[in-house]
Amino acid sequence: MSGVYEASAEFVARAHVDAAAYEKMYAASVADPEAFWREEGQRIDWIKSYTKVKDTSFEFGKVSIKWFEDGTLNVSANCIDRHMSRRANQTAIIWEPDDPKTPARHITYAELLEETSRMANVLKSLGVEKGDRVVIYLPMIPEAAYAMLACARIGAIHSIVFAGFSPDALANRINDSKAKVVITADHAPRGGKKTPLKANTDAALLHCDDHVKCLVVKHTGDQTTWIEGRDIDLKQQMAWAKPYCPYTEMGAEDPLFILYTSGSTGKPKGVVHTSGGYLVYAAMTHQITFDYHDGDVFWCTADVGWVTGHSYIIYGPLANGATTVMFEGVPTFPDAGRFWEVCAKHKVTQFYTAPTAIRSLMGLGTEWVEKHDLSSLRLLGSVGEPINPEAWNWYNTHVGKGRCPIVDTFWQTETGGHLITPLPGAIPQKPGSATKPFFGVKPVVLDPSNAQVQVAVETEGVLCIADSWPGQMRTLWGDHQRFEEAYFGQYRGYYFTGDGCRRDADGYYWITGRVDDVINVSGHRMGTAEVESALVAHPKVAESAVVGYPHDIKGQGIYAYVTLMKGVEPTSELRKELEAWVRTEIGPIAKPDLIQWAPGLPKTRSGKIMRRILRKIAENDFGSLGDTSTLADPSVVEELIANRMNRG
Ligand code: WTA
């Protein structure tokens, strides 16, 4: 087959799973999930082993997902303590700072145990108990890892808010989760610039309960305001705290973390992951998808503010006793060779990043890659959005030098770990395809017009999953009904991913992108409804509709149609003002790329905005707008086309 890439015989010989093993194990995993996961559950340490394995229902109105439910464990003990006999002096985390002139740090498992314990003891001293929520708003520094593991150690539920989010977004998450404590830092250095995290937290806390405590990591040492009685110097408290903290026995189904993510409607959804099933799945996918072996150095470039950082910087690697790289910086600082410099410096063996990063580096030339010795690399990974074949080929040729398998991993915040992905020694890759399902995952393709399951191998439609896997989310924080409606309401009996896909004649899956009102900007999920509500909160904006459009680097860009209040002049200053407004309302990642002034929006007679038309105009593809006869006023479409912003 042309356009198909297979791992070398040498890679396959060493791989955890080869082609024959994949076929056999996959068949077993879907034929008898109970038996399959009963055995796989043993990859982690249990305090009390489980007798029940799977108790799950996708039936709308009765959706319930439980795995290993009568087992007990502690996630922090699994990520640290259980490695102490063999790996106390092995590096657990390599921390690479934003500025390459600052020395990197190698944190051993023994040090990780001590630092995590100290932080856990500080949290306990503040009255944080099992089940309490702790919001983490930190840069990519070791304290972020300690904080996650310290929460897990004492049974507190962490909720990380990406450091690029605004004070408003932070306040919403603190309030929605009713957190007792927020952990932040003075500043977050990134790419030589600093984000004032403490100042943002101060602004957020104005909108929160007075009892919320603020633990501050003095990271850059810059001056910040300080509120006595509320703000606490975390490093100082850790120095005073006891160096060991016993871990708490947790039920398999006790929540481990909440992670807020964008949905197609309204406010962000608090995705809840629990302890046992999540850890089994994160550990297993980390080992098998990335073919991780003892002695490897694994680098996932994501931020811990996203699910990728949770599962593949912290929980999966550490559960496996791995060495994991944590990078504070950006790919282009101080120059466009930074990723490759770090790979060479730490002899990285598996490198996992997003297509948007590859596309932006591609444009800057191959000399940045060629400067560095990448001979340690054995495998490359991609996540967050479809990878276009050009980017795949560039990654393969210039970074992997044609000898590293590429795993294009399709998954979501909701899924905890990889759903569809090549297993590098088992499944030949086709550039742009996430290939085949992971063990236990049963993808089905449905026809969106009639919800029928497509039985033909070669087909196209929406992607659903027919049965549960251990890493699946359990509910939305405080809103189980919304959970059922969002994921199980539309296609009864199935988990709906929100993505479209194509299945080719070889049974390979090709994800075609979101079919709901979620757009994917540089691999970050953004609900168009969130951007719209930020825009209409501006006093000069009457109405707004936001859609995605193809963007060379970001994958999708944010295109906002804005109707101004009567009498307000549309000026370029106002455009800048609205961009800045969205940055402060949500964060820089939500800033519209293009704003079009829209005197009117295309609406049906019942007042529903016809987004299909707006998407077409934003895509600069207005020749085939389809049926516009149901519009209340078809002339608005002509006006929008005439003044469209994307003519590329
Ligand atoms: C998209 C990130 C194509 C998809 C782990 C999904 C992908 C959303 C891929 C989830 C991939 C993620 N190929 N599309 N390999 N990986 N996506 O929750 O649209 O931030 O629904 O999780 O990203 O984004 P999230």
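**Ground rules**

I took the model as predicted, with pLDDT of at least 70 for local features and 80 or more for side-chain atom pairs, while totals for chains, interfaces and linings use all residues. I number residues from 1 along each chain as its sequence is written, and side-chain values use heavy atoms, with hydrogens and water left out.

**Ligand site**

I started with the ligand.

Helices here are DSSP runs of H or I with at least four residues, strands are E runs of at least two, and both are numbered from the N terminus.

Next came polar contacts, meaning N or O pairs within 3.5 Å; within protein, one atom must be able to donate a hydrogen and the other to accept it, and sequence-adjacent residues count only if both atoms are side-chain atoms. A polar backbone atom of Glu385 is 3.4 Å from a ligand nitrogen. Pro386 also places a backbone N or O atom 3.4 Å from a nitrogen of the ligand. The side chain of Thr413 has an N or O atom 2.5 Å from a ligand oxygen. How much of the ligand's accessible area does the protein cover? It covers 96% of the 530 Å² that the ligand has on its own, by the Shrake-Rupley method with a 1.4 Å probe.

**Mixed sheet**

I traced an open sheet of 7 strands with mixed pairing, in the order β5-β4-β17-β16-β18-β19-β20. Strands pair if DSSP finds at least two bridges between them. β5 (105–108) and β20 are the edge strands, each pairing on one side only. Neighbouring strands are turned by 20° on average, direction ignored. Axes are lines fitted to C-alpha atoms, for helices over the stretch in contact; angles run from 0 to 180 degrees between N-to-C directions.

Helix α6 (109–125) packs on this sheet and touches β4 (91–96) and β5, with its direction at about 80° to that of β5. Contact means heavy atoms within 4.5 Å. I also looked inside the sheet: β16 (297–300) and β18 (350–353) run parallel, joined by 3 bridges. Phe298 stands opposite Gln350 in β18.

**Antiparallel sheet**

A second open sheet has 5 strands, in the order β22-β21-β23-β25-β26, with antiparallel pairing. β22 (452–453) and β26 each have a single partner strand, so one side of each lacks a neighbour in the sheet. β21 (443–447) is joined to β22 by 2 bridges. Leu446 has Val453 in β22 as its bridge partner.

**Single residues**

Most residues other than glycine have a negative phi, and most peptide bonds are trans. I noted two exceptions. Phe333 and Pro334 are joined by a cis peptide bond, with omega about -5°. Pro334 sits in the loop between β17 (323–327) and α13 (338–346). Lys347 has a positive phi, near 50°, and lies in the loop between α13 and β18.
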